[in-house]
2 protein chains.
Amino acid sequence: MSWIDVTYRICAARDQLEGIAHALALEQSVEVSAEVVTDPFVAENIMGRVAEVHPSDNGPHRVVIRLAMATTGFDVAQTVNMLFGNSSLHAHVELVDVEFPAEFLARFSGPRHGIDGIRRRLQATRRPLTCAALKPQGLSSEALANLCYTLALNGVDIVKDDHGLADQSYSPFAKRVAACQRAIGRANRETGRASIYAPSLVGPPRALVAQAHIARQEGVGALLLAPALIGMPAFNELVAEHVDVPVIAHPAYAGAVRVAPALLLGRLFRWLGADAVIFPNFGGRFAYSREVCAQIANNNRCDWAGYAPTLPVPAGGLTMGRVTELVEFYGPDVMLLIGGALLAPADRLAERTRIFVAAMEAAHADSNAARHAALS
Amino acid sequence: MSWIDVTYRICAARDQLEGIAHALALEQSVEVSAEVVTDPFVAENIMGRVAEVHPSDNGPHRVVIRLAMATTGFDVAQTVNMLFGNSSLHAHVELVDVEFPAEFLARFSGPRHGIDGIRRRLQATRRPLTCAALKPQGLSSEALANLCYTLALNGVDIVKDDHGLADQSYSPFAKRVAACQRAIGRANRETGRASIYAPSLVGPPRALVAQAHIARQEGVGALLLAPALIGMPAFNELVAEHVDVPVIAHPAYAGAVRVAPALLLGRLFRWLGADAVIFPNFGGRFAYSREVCAQIANNNRCDWAGYAPTLPVPAGGLTMGRVTELVEFYGPDVMLLIGGALLAPADRLAERTRIFVAAMEAAHADSNAARHAALS
């Protein structure tokens with residue numbers, strides 16, 4: 001039998017740790033006490049077991065629980081259920097890492113485009129990429145399309161909908177997507193570039209399929225989806241069956257405080273098929289640390305089960321002054337998303353966009369020069 | 001314009017509270033700083049605003065943010081996005097309550113059966129109801145069906161799949177559902193009762209529709225679904241479009257630590273259409289307080305937007321010794337779910353089930369007698 005090793009962080013008194021670890025192994029597998037498990041097949045092959053217990057003197061402890069691969073049924077929803085179904089309700093337990101066996105991962109295809117696929121579509125082989133957002137919501141489709149045109153005309157690679165844009169009365173999905181896609185096409189004809197507009201899809205499964213169909217008919221080059229919001233199983237199925245362009249995952253409602261961000265945004269979103277993952281950068285509006293951001297980017301891009309690497313997209317209050325630092329920190333396989341800082345003040349959007357794009361090019365050149373100097 | 005009042009609990013220094021409240025109103029609406037919002041329609045009708053700030057000397061503060069109803073597009077996923085999309089990533093923010101305007105709630109139908117509908121199907125007009133779970137997973141469909149038969153034969157009202165039962169090799173969904181539904185039918189013919197078997201559905205949207213179809217063909221009388229696991233939008237759509245029997249919501253992966261359980265399990269699951277809601281009872285394997293459990297049950301059953309009341313189903317380590325206390329605590333409109341405590345030791349399942357059912361009847365009689373005495 002094959003097993004999945006699941007690591008949890010536990011906040012508890014040290015002398016309770018062994019008991020908690022054993023309770024967790026049962027809770028996340030058979031959900032009864034061990035003496036109820038009289039069936040030998042279940043006891044040997046299905047019941048979870050404690051693999052490792054790592055007490056800590058300062059801060060939370062760490063335990064590794066081994067869960068039977070067969071319990072997942074190779075289904076996304078059920079896998080999440082096994083990893084963190086009931087124990088998500090335990091305030092003292094946090095899900096921090098998972099080691100899936102190769103035969104499990106082979107059942108899932110991961111990102112279909114990955115970093116290389118996104119680069120090919122953008123005709124940008126090596127440099128760090130730029131991303132901007134259409135907002136605030138409440139603007140008309142025409143106003144959003146104008147923003148989209150200006151951002152693309154001045155060199156932004158991917159112009160995405162704000163994740164707050166849905167199918168609202170003031171910018172209905174079909175109308176907005178048509179207008180913004182026309183705008184990016186016009187900008188591309190003028191610049192000779194291949195910028196991409198990525199609309200945000202949100203809703204129940206049937207609406208998502210309908211929105212994906214509209215986006216495809218309009219010829220959009222990428223999509224934005226929040227897996228935690230629409231449901232990770234719905235995300236995975238939609239991407240596999242109804243989408244053929246790169247998919248950018250947004251962390252909305254990821255409640256990442258209860259699942260370690262490096263796992264959820266770094267690894268699980270990639271497993272589900274995200275070609276790019278937006279996450280809150282350190283030093284912005286969200287409290288992620290440098291270390292967590294480095295782990296997310298590493299999990300996005302590392303060798304893993306033959307999956308295509310996912311493009312890390314740090315965001316959340318980025319400013320132009322940080323471009324050099326962040327290109328240095330993440331390296332060239334990154335896309336920096338600057339949202340509000342481009343838009344304020346609105347009358348200088350074109351100028352600010354050009355500064356952002358130029359700063360990215362300069363940072364890339366600097367970073368390359370530094371690397372060559374270090375190598376010589 | 002109509003507004004949604006959203007209450008958040010904030011952990012922060014008191015002198016930062018005003019700033020955090022304003023940042024939250026922007027984060028959860030326009031997602032840019034206020035000076036970027038130059039469009040008068042957006043500023044007046046879309047941008048979130050701070051309605052109340054309640055600092056606290058001990059413990060977390062409370063703020064109420066007012067969000068424009070129009071931003072939801074009357075869509076479940078987008079509504080959750082507006083309530084707690086980005087701010088779920090803020091460790092210092094917890095979503096605790098929502099007041100939707102009546103015109104918003106009127107767009108959603110809530111539970112279709114509710115407590116009365118469940119009672120009619122069970123032919124149980126006033127007494128508290130009993131529920132038991134088929135587990136551990138790993139048992140064959142035949143073994144689970146045998147458990148189902150024994151539990152129903154000895155008087156359990158609703159026998160549900162453990163939420164860990166999916167479409168696994170050892171008890172495939174179609175085979176298990178057929179076997180357990182046959183078992184409950186046989187028990188009902190022998191007892192003259194109308195017990196219900198509720199299989200657990202889990203998977204991506206297409207699999208859920210297929211499973212709902214199988215369940216309907218087999219004639220099952222209720223379904224178990226975990227909205228947080230399959231996605232709240234998928235849950236709502238499935239129930240509205242593919243299910244005609246009562247639906248029991250399970251809290252797996254509800255990560256209720258970041259959204260107040262009284263809101264998520266008490267109110268939002270009801271809004272989404274849950275006819276019954278399982279939640280961790282106080283004093284069991286989970287750390288919910290008496291007060292939180294009372295709030296969940298109250299939110300399930302209170303007058304709200306004309307929605308049918310939802311049946312509260314406390315669970316999670318209940319034992320027979322607590323039946324009297326809990327019937328007294330929750331009143332007769334409750335269903336007690338005893339899982340593992342019935343199953344151990346397995347060779348006395350029938351006897352223990354009869355004791356459980358008899359204890360519930362006695363508790364109801366006691367409770368009635370006490371109420372009559374109090375009234376006389």
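The following dialogue reads the contact between two chains, and some local features, in a predicted model.

Me: Which conventions apply to this model?

Reply: Residues are numbered from 1 along each chain as its sequence is written, while chains are lettered from A and ligands numbered from 1 in the order in which they are written. The model is predicted, so local features need pLDDT of at least 70, side-chain atom pairs count only at pLDDT 80 or more, and totals for chains, interfaces and linings use all residues; side-chain values use heavy atoms, with hydrogens and water left out.

Me: What area do chain B and chain A bury between them?

Reply: Buried area is the accessible area (1.4 Å probe) that two parts lose on being put together, summed over both. Here the figure is about 5800 Å², with 62% of it on carbon and sulfur atoms. On the side of chain B, the residues that lose the most area to chain A are Glu31(B), Leu89(B) and Tyr253(B), together 13% of what that side buries.

Me: How many salt bridges cross the interface of chain B and chain A?

Reply: Side chains of opposite charge can pair when their charged atoms come close. The rule asks for a side-chain nitrogen of Lys or Arg within 4 Å of a carboxyl oxygen of Asp or Glu. It finds eight salt bridges across the interface of chain B and chain A. One of them joins Glu31(A) to Lys135(B), with the closest N and O atoms 3.5 Å apart.

Me: How is chain B laid on chain A?

Reply: Two copies of a chain are related by a rotation about an axis and a shift along it. Copies are superposed by least squares on the C-alpha atoms of residues with pLDDT of at least 70 in both. For chain B on chain A, a turn of 180° and a shift of 0.0 Å along the axis give an RMSD of 0.0 Å. That is the relation of a two-fold axis. In chain B, the C-alpha of Gly231(B) is the nearest to the axis, 2.0 Å from it. The same surface serves both copies, as 100% of the contact residues of chain B recur in chain A.

Me: Which salt bridge ties together parts of chain A?

Reply: Over all chains, the structure holds 32 salt bridges. In one of them Glu94(A) pairs with Arg9(A), the closest N and O atoms being 2.9 Å apart. Glu94(A) lies in strand β4 (residues 93-99) and Arg9(A) in strand β1 (residues 3-10) of chain A, so the pair ties together parts that are 85 residues apart in sequence.

Me: Where is Pro136(A) found?

Reply: Pro136(A) is in the loop between β5 (129-134) and α6 (141-153) of chain A. A cis peptide bond joins Lys135(A) to Pro136(A), with omega about 5°.

Notes
Contact means heavy atoms within 4.5 Å. Helices (H or I, at least four residues) and strands (E, at least two) are DSSP runs, numbered from the N terminus.
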